[in-house]
Amino acid sequence: MRAARTQPWHSYAWQAQSLLLAYPDEQFGQRLALARRAAATLPEPVARPLLRFVAHAEQTAGADLATTYVATFDHRKRCCLYLTYYAHGDTRKRGIGLLRLKQTYSAAGWQLGDDELPDHLAVVLEFAATEPEAGQRLLTEHRAGLELLRLALNDDDSPWAHVLDSVSGTLPALSGDDREAVMRLAADGPPEEQVGLDPYASPVFLPDPVVGGPR
């Protein structure tokens with residue numbers, strides 16, 4: 001897929017999405033307030049799902065939100081936030097993918113903390129917010145995994161599905177090749193993964209992603 005030109009609002013969107021995909025700790029309320037303010041600067045198709053998530057999170061006890069986060073992302077491979085997993089599974093090629101991400105960050109003068117993995121979606125989005133062109137390329141490279149994660153979260157009626165809908169709204173619409181990649185990944189799972197990612201919605205009924213505003 002050929003990436004579209006980034007717009008100034010992309011940085012605000014990716015930063016807000018990054019904040020909302022981090023673990024909901026004691027500072028999460030502050031991140032919700034920041035995301036709500038950022039949404040006011042975004043095109044409606046990108047802002048609307050963000051505001052839906054913020055409204056849900058504001059009405060949910062922090063402990064309950066944290067428990068749901070762990071149950072959703074830490075215990076279920078079909079809702080994995082680590083993007084190289086979708087492309088490489090638990091193979092040695094995943095290590096190469098992680099190294100490439102680290103090299104991309106380093107080339108931009110961007111350093112990760114010791115407790116951060118480079119392929120966590122919140123980290124990739126934070127990088128995209130500071131380096132929009134390079135960040136959009138990374139998100140586009142992992143589009144099949146992102147779309148599969150979006151579908152899985154929507155299938156589960158997860159509140160974080162709204163955040164992934166917003167992420168999709170910042171990226172070009174899926175092309176034929178990208179849709180085929182999503183269907184293959186849904187059917188087969190990551191490389192060398194015995195369990196795969198079943199059950200997923202049938203790829204025959206793969207919906208179009210949310211499309212953002214003019215670029």
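Which helices do the buried residues of α7 pack against? I will come back to that after a word on the model itself. This is a predicted model, in which local features need pLDDT of at least 70 and side-chain atom pairs count only at pLDDT 80 or more, while totals for chains, interfaces and linings use all residues. Residues are numbered from 1 along each chain as its sequence is written, and side-chain values use heavy atoms, with hydrogens and water left out.

Let me start with the overall picture. The chain holds eleven helices and zero strands, where helices (H or I, at least four residues) and strands (E, at least two) are DSSP runs numbered from the N terminus. Of the 215 residues in the chain, 48% are buried; buried here means under 20% relative accessible area, exposed means over 50%, and partly exposed is what falls in between, with a 1.4 Å probe and protein chains only. The accessible surface of the chain comes to about 10700 Å², and 51% of it belongs to carbon and sulfur atoms; these areas come from the Shrake-Rupley method with a 1.4 Å probe, and for residues only the protein chains shown count as cover. If we take contacts, meaning heavy atoms within 4.5 Å, between residues at least 6 apart in sequence, then 69% of them join residues at least 24 apart.

Now to the opening question. The buried residues of α7 pack against α1 (8-21), α5, α6 (92-107), α8 (132-141), α9 and α10. Helix α7 is mostly covered, with eight of its ten residues buried, and these are Leu121, Ala122, Val123, Val124, Leu125, Phe127, Ala128 and Ala129. Glu126 is also found in α7, which spans residues 121-130, but Glu126 is partly exposed, at a relative accessible area of 31%. Together with Asp114, Asp115 and Glu116, Glu126 forms a negative surface patch. A patch is made of residues with over 30% relative accessible area and no salt bridge, like charges being joined within 9 Å and nonpolar side chains (Val, Leu, Ile, Met, Phe, Trp, Tyr) within 5 Å.

Side chains of opposite charge can pair when their charged atoms come close. With a salt bridge defined as a side-chain nitrogen of Lys or Arg within 4 Å of a carboxyl oxygen of Asp or Glu, the count comes to seven.

In one of them, Arg36 pairs with Glu58, and the closest N and O atoms are 2.8 Å apart. Arg36 lies in helix α2 (residues 28-39) and Glu58 in helix α3 (residues 44-58), so this pair ties together parts that are 22 residues apart in sequence. Both ends are partly exposed, Arg36 at 36% relative accessible area and Glu58 at 45%.

Another links Arg78 with Asp156, the closest N and O atoms being 3.0 Å apart. Because Arg78 sits in the loop between α4 (62-74) and α5 (83-88) and Asp156 in the loop between α9 (143-155) and α10 (161-168), the pair ties together parts that are 78 residues apart in sequence. Arg78 is buried, at 10%, whereas Asp156 is partly exposed, at 31%.

The side chains of Arg150 and Glu147 also meet in a salt bridge, at 2.8 Å from N to O. Both residues lie in helix α9, three residues apart, or about one turn of the helix. Salt bridges that share partners join Glu147, Arg150 and Asp165 into one network. As for cover, Arg150 is buried at 5% and Glu147 is buried at 0%.

Finally, I would like to look at Phe73 and Cys79. Phe73, in helix α4, is buried at 7% relative accessibility, and Cys79, in the loop between α4 and α5, is buried at 0%. Leaving aside neighbours within four places in sequence, Phe73 is in contact with Cys79, Leu81, Leu153 and Trp160. The C-alpha atoms of Phe73 and Leu153 are separated by 9.8 Å, although the two residues are 80 apart along the chain.

How values were computed: Lys, Arg positive; Asp, Glu negative; His and termini not counted. Charge placed at Lys NZ, Arg CZ, Asp CG, Glu CD.
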